[in-house]
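Hi there,

Here is the structure I promised to pass on to you. Have a look at it first, and then read my notes below.

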Amino acid sequence: MKIRFNFVGTSGFGQKKEESAGEYHGLKKNLLRKNINSTHMKAGLESVKELKKLVGLENIKELVEEIIAFVKIQKKRELEGLATEPMVFHMIFKGNPGTGKTTVARLMGKLFKELGILERGHVNEVERADLVGEYVGHTAKKTREQIKRSLGGVLFIDEAYSLARGGAKDFGKEAIDVLVKAMEDYRNEFVLILAGYKAEMDLFLNSNPGLRSRFPIQLNFADYTIDELFKIAKIMLEERQYRLSVEAEIKLKNVLEKAVSNGHCYDGNARLVRNIIEKSIRAQALRLINENNFSREQLIYLQACDIKDIPSKIRNSNDNIIRVFEAQKFAVSGGN
Ligand SMILES: Nc1ncnc2c1ncn2[C@@H]1O[C@H](COP(=O)(O)OP(=O)(O)O)[C@@H](O)[C@H]1O
Ligand SMILES: [Mg+2]
């Protein structure tokens, strides 16, 4: 079970809350567990329907069930005049590229809107360059601007670990300070999601202990298995009204197997699948033009010859080693 769902125990973002986050964990989990049943997933929420369509991601589907149950129960408790828990939903997403982080962030925005927690539910997707400026004072202004744009929705910071890149003197630190303050000032007005590679995010959070405790939800996005990648490919093709011939299915499975055995996980997961599919569609188009063959059947089916092997340059598993080395470098130079 990879879900970490330790709700923060007190209102506000002071020291007290940081200390109590752990001790509330078990209690909150029990409270939630008791009230979860499958009817929550059948609530007819659009976001839940979309989430269910995604392949795998079981820990995220389970978390969403918990959130829905939690919100419903808090509302019922409120009606009964019972004490309620603060609804703090800031999250950390850890995973390799193409594991569905951005897709899930968008669904979270939609979910929180449907649950009445966020007014708009939009996702403002940013990265370091959108937050960090080049001179003193510039960063705070830029970061505040992005927070303003995110109110009523989600502020999604991709590769958030890069905010700690240059250490204590880097303007990234200023951005973090502004974000932390906003988490307090606009507590109920936006959800902050920090995303990035697992190793980098762990180092980033370890070098910022005060930050870690402000995120009650931490989710791991695992690399997809070959089976899952194949299922994703089928869904992507279906959406585009294409099908695979029997031979093309075998070829695609082979290509995916090769990619996985060559350490595909840093090459894009589901994004890699999308690239293969789009490339195959272009190859089929060219083939049909050359063959001058435009029957409905031919337009629908991709053949084995349309499915291309992945060029070896994006199969370099050394990339990972280099990446982790870089991450350690910034962690060493990073401030607290
Ligand atoms: N579980 C899934 N099922 C179906 N498609 C997926 C799944 N995960 C990712 N995708 C698709 O793969 C692509 C990349 O996903 P994305 O959310 O951008 O990944 P990340 O943000 O982790 O890099 C998108 O087109 C997305 O729709
Ligand atoms: Mg992304």
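Which of the 17 residues around ligand 1 come nearest? They are Gly100, Lys101, Thr102, Thr103 and Ala270, where a residue is near a molecule if its C-beta atom, placed from the backbone, lies within 6 Å of it.

Before going on, a word on conventions. This is a predicted model, in which local features need pLDDT of at least 70 and side-chain atom pairs count only at pLDDT 80 or more, while totals for chains, interfaces and linings use all residues. Residues are numbered from 1 along each chain as its sequence is written, chains are lettered from A and ligands numbered from 1 in the order in which they are written.

Back to the ligand. Helices α4 (101-114), α10 (226-239) and α12 (269-291) each give at least two residues to the shell around ligand 1; helices (H or I, at least four residues) and strands (E, at least two) are DSSP runs, numbered from the N terminus. Domain 1 (4-221) and domain 2 (226-316) each contribute at least three residues to that shell, with domain bounds taken from an automatic or database assignment.

How far can you trust the model? The mean pLDDT (the predictor's confidence in each residue, from 0 to 100) is 81 for the chain, and 77% of the residues reach 70 or more. Over residues 1-42 the pLDDT is below 50, and this stretch has 56 contacts in the model beyond near neighbours in sequence; a contact means C-beta atoms, placed from the backbone, within 7 Å. Residues 313-318 are also below 50, with 9 such contacts. Where pLDDT is low, the predicted coordinates should not be read in detail.

The chain has 14 helices and 8 strands. Strand β2 (residues 91-95) pairs with β6 in the parallel sense over 5 bridges, pairing being at least two DSSP bridges between strands. One of the bridges joins Met91 to Ile217.

Finally, look at Asp130 in helix α5 (residues 128-131). Leaving out residues up to four places away in sequence, Asp130 touches Lys142 and Gln146. The C-alpha atoms of Asp130 and Lys142 are 6.9 Å apart.

Enjoy exploring!

Note on methods
Two residues are in contact if their C-beta atoms, placed from the backbone, lie within 7 Å.
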